[in-house]
Amino acid sequence: MLEHAWNETGPRFKAWLAALLLLIGIGGFCYSIQLGTGLGVTGMSRDVSWGLYIGQFTFFVGVAASAVMVVLPYYLHDVKVFGRITIVGEFLAVTAVIMCILFILVDLGMPSRLLNIMLYPSPGSVLFWDMVVLNGYFFLNLLTGWKVLEAEYTGIKAPDWVKPLIYIAIPWAFSIHTVTAFIYSGIPGRDFWLTALTAPKFLASAFATGPALLILISLALRRFTGFDAGQEAIRRLSIIVTYAMSITVFMIMAEFFTAFYSQVPSHMYALKYFFVGLYGGNSFVLISWVFAVLCLLALILLLNPKTRGNEKWLTIACASTFIALAIEKGISFTVGGFITNPFGRVTEYWPTAIEFGIVVGVWALGAFLLSLFYSLFVTVKRRSERGLA
Amino acid sequence: MNKNRLVALGLILFVLLFTFPVLMNLGKSVAKTQPPAMLQDQKAMQELADKLGVKNIDEFRERHKQVLAEWKDIVVRDGKRVYVTKDGREIPISLQNLASQPQYCSDCHDYAGIEKPNCWTCHVEPKGGAGK
Amino acid sequence: MKKPLSISRRTLLKATGAAALGIIPAGTLLVRAAGKPHPKALQAKSWAMVINAKLCPPGCRICQEACHKAHNVPNMPDPKQDVKWIWQESYNAAFPYETHPYPDQANEKRAYPVLCNHCENPSCVRVCPTQATFQRPDGVVMMDYHRCIGCRFCMAACPYGARSFNFKDPRPHIPQLNPAYPTRTPGVVEKCNFCDERLAVGQMPFCVEACPAKAILFGDLSDSASPVRQALASNVTLQRKTKLGTRPKVFYIV
């Protein structure tokens with residue numbers, strides 16, 4: 001099955017892969033610098049001890065979880081139009097989980113001791129459970145996506161054990177992002193994170209980000225490979241994005257209300273820091289307003305059926321959703337918890353060039369894997385639809 | 001024809017990669033063929049074994065890594081500072097004490113060509129004798 | 001051809017895989033030799049500290065200097081990536097959101113030594129994925145620098161900012177290396193350990209001993225005759241961030 005994925009691709013695809021390999025190489029080089037000197041080459045500090053790496057990890061767990069938004073309707077509610085793209089979602093989930101694990105790895109101070117998490121299991125630690133659920137989700141999606149694709153390729157029905165695994169993957173998807181949210185929302189002393197709303201907000205924003213990305217991927221697949229997910233599938237996905245984005249924005253508004261109506265300083269500080277700056281620290285103000293504008297743009301375009309149904313506007317809406325939530329969950333949320341520090345002061349954080357280089361390397365690796373997965377997927381689909389074995 | 005060339009190239013790369021450690025060390029063995037002086041000194045070897053709490057230098061060779069790991073856990077995780085050997089002897093746990101011999105860890109490790117103990121990245125190497 | 005084994009290849013592979021997975025919690029199952037405490041080791045059920053900052057001479061940093069010197073705590077050039085085990089903060093910074101903007105004249109200028117509180121209900125211990133930070137039966141919250149993977153979850157979980165991370169190699173920045181105590185490597189989190197190495201041989205923590213004003217008291221919270229309990233019984237004392245439920249064991253006489 002695999003050989004078709006490579007042999008039937010054109011020079012443009014190979015050039016794309018080569019460009020990604022170059023970025024991966026740059027990321028690898030930056031990481032070797034970090035391994036040699038230590039995490040001091042990043043912008044992290046004693047006060048802001050988690051930054052872009054953990055933010056990106058959080059964001060991509062959301063992307064990974066969002067595959068459930070096509071799998072659940074198809075397998076539980078017989079929404080047949082999603083049938084063509086469940087595998088697209090599952091492969092996206094697999095790639096996103098790999099990126100998550102890589103982001104954690106590059107964030108560790110002693111990556112050579114990674115296996116300690118398994119050698120000395122600590123069931124009281126949320127990070128331990130995060131390792132368990134992420135690995136479980138990875139294998140679930142890899143196995144099921146592969147088997148279903150293989151079934152299409154050979155024309156033979158997938159083995160019986162695939163269905164139960166898919167059913168398990170559905171609540172499991174909810175659990176991975178809930179556990180990730182619990183990393184933040186269960187620790188005292190960081191009032192920006194210490195709210196029950198964190199887990200629901202994570203899920204809502206994931207279910208906006210993922211389907212938005214799936215729409216963008218489907219449109220790209222149609223443009224570059226001729227694989228068509230179908231008008232109806234994209235229409236339904238866009239409705240999911242609309243609802244999820246509306247709920248996400250509502251939750252964000254609710255946070256503003258609690259903070260500013262109660263006037264409790266420790267609740268207001270992170271939000272003030274983002275949108276107007278605090279104690280002279282204002283490096284997040286620009287991207288926070290970019291986030292706000294993009295959210296508004298996305299909502300306006302999504303809520304209006306005319307623009308939601310128009311592919312050009314839908315593309316802009318989905319890109320805005322993705323970028324806005326990538327800002328919010330990909331960096332702002334993580335940094336916000338450290339504003340103010342335990343002594344009431346603000347220490348600013350901004351990623352360094354090396355930090356950014358490593359992140360770009362991981363993104364490129366994800367794009368690389370995803371491209372290979374999708375090339376395989378498209379090739380198999382093409383052959384099965386033409387009736388070839 | 002193309003494929004055969006690629007396969008040959010791949011094989012050569014594999015062989016180079018696989019034998020990399022051997023190639024890297026080819027020129028190096030000459031300098032370290034001197035065995036450490038301690039190996040001639042029975043008294044010093046027995047002293048070292050006693051400090052670790054093992055019977056003799058042979059048991060030291062066999063078990064020092066495990067005993068040191070036990071020391072680490074007894075001190076850090078149990079909060080105790082005295083090691084009780086299998087035959088009931090009580091040994092004070094101290095890396096400074098153990099490595100204070102005139103010949104210390106790296107002499108034997110370098111001679112045997114095995115990995116340097118990484119204790120000294122944190123614990124402070126005692127100055128003394130043939131050591132650093 | 002006769003099959004050498006009576007089980008199928010598939011079963012063998014499955015069994016091998018399962019057995020290999022069984023290695024995973026290997027670290028916790030190792031049985032190791034016992035140790036004994038040093039004959040002079042101090043025992044307690046719950047080590048605690050009472051600090052009377054009113055007695056601190058202005059500008060005095062002796063507790064920090066003694067601790068940092070003895071424990072090879074580096075002096076990092078970038079204050080953002082500072083490493084410190086005990087240091088001084090102002091009244092408003094030591095008790096943020098719990099003090100008003102009009103402290104008395106004395107408190108305005110006073111420096112409060114802050115350090116790890118060795119909480120009875122430590123959130124940092126709860127979150128550690130390897131139990132590299134753990135609570136001892138005598139109440140000391142310990143760090144195992146051999147096991148720490150540097151994930152810094154404990155730093156996020158500590159509400160007191162007591163923990164420091166080794167962003168770079170600390171050794172070049174140690175003013176005077178103390179050979180009797182280890183340093184740390186880049187990539188691990190460190191903090192005050194209530195001088196466990198001193199308690200183990202019957203001595204008081206460095207900061208307690210070094211303080212010229214005897215401002216730091218140390219003792220067993222569960223022993224009503226200990227210096228800490230006596231100080232608590234006869235002085236008005238505060239803890240930092242009491243409402244968080246961590247039950248810190250460092251008390252401040254105010």
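**View 1. Where chain A meets chain C.** In this predicted model, 37 residues of chain A are in contact with 46 residues of chain C, contact meaning that the C-beta atoms of two residues, placed from the backbone, lie within 7 Å. On the chain A side, the elements giving two or more residues are α6 (116-119), α7 (126-154) and α11. Helices here are DSSP runs of H or I with at least four residues, strands are runs of E with at least two, and both are numbered from the N terminus. The biggest giver on this side is α6(A), with four residues. Sorted by class, the chain A side has 18 nonpolar, 16 polar and three charged residues. For that count, Ala, Val, Leu, Ile, Met, Phe, Trp, Tyr, Cys and Pro are nonpolar, Asp, Glu, Lys and Arg are charged, and the others, Gly among them, are polar.

A note on reading the labels: residues are numbered from 1 along each chain as its sequence is written, while chains are lettered from A and ligands numbered from 1 in the order in which they are written. Since this is a prediction, local features need pLDDT of at least 70 and side-chain atom pairs count only at pLDDT 80 or more, whereas totals for chains, interfaces and linings use all residues.

**View 2. Helix α10 of chain A and its surroundings.** α10(A) covers residues 231-262, which makes 32 residues. From first C-alpha to last it reaches 46 Å, close to the 46 Å expected, where the expected span is 1.5 Å times one less than the number of residues. Its buried residues include Ala233(A), Ile234(A), Leu237(A), Met245(A) and Ala259(A). Buried means that 20 or more other C-beta atoms lie within 10 Å of a residue's own; 12 or fewer makes it exposed, and anything in between partly exposed, with C-beta atoms placed from the backbone. Among the elements covering these buried residues are α4 (68-77), α9 (198-225), α12 (285-303) and α14 (311-336) of chain A.

**View 3. Helix α4 of chain A.** Here the buried residues are Val68(A), Met69(A), Val70(A), Val71(A) and Leu72(A). They pack against α3 (52-65), α5 (86-107), α8 (162-185), α9 and α10 of chain A. Just past α4(A), Asp78(A) also takes a positive phi, about 55 degrees.

**View 4. Inside the largest nonpolar core.** This core has 183 residues, and those with the most contacts inside it are Ala64(A) and Cys100(A). A nonpolar core is a set of buried Ala, Val, Leu, Ile, Met, Phe, Trp, Tyr and Cys residues joined through C-beta atoms within 7 Å. α5(A) gives the most to this core, 15 residues. Setting aside neighbours within four places in sequence, Cys100(A) is in contact with Phe57(A), Phe60(A), Val61(A), Ala64(A) and Leu134(A). A second, separate core of 15 residues includes Leu52(B), Phe60(B), Val67(B) and Leu95(B).

View 5. Three strands in the order β2(B)-β1(B)-β1(C) form an open sheet with antiparallel pairing. β2 (90-92) of chain B and β1 (35-36) of chain C stand at the edges with a single partner strand each, so one side of each is left without a neighbour in the sheet. Strand β1 (residues 82-84) of chain B pairs with β1(C) over two bridges; two strands count as paired if DSSP finds at least two bridges between them. Val82(B) has Lys36(C) as its bridge partner, and Tyr83(B) stands opposite Gly35(C).

**View 6. Strand β2 of chain C, covered on both faces.** Five of the five residues of β2(C) are buried. Trp47(C), Met49(C) and Ile51(C) point one way, and Ala48(C) and Val50(C) the other. Five bridges join β2(C) to the antiparallel strand β9 (residues 216-220) of chain C, with Trp47(C) partnered by Asp220(C). β2(C) also pairs in the parallel sense with β11 (residues 250-253) of chain C, over three bridges, and there Met49(C) stands opposite Val250(C).

**View 7. Ala53(C) in its loop.** Ala53(C) sits in the loop between β2 (47-51) and α3 (62-70) of chain C. With 21 other C-beta atoms within 10 Å, Ala53(C) is buried. Its contacts, not counting residues up to four places away in sequence, include Arg110(C), Tyr112(C), Ala215(C) and Tyr252(C).
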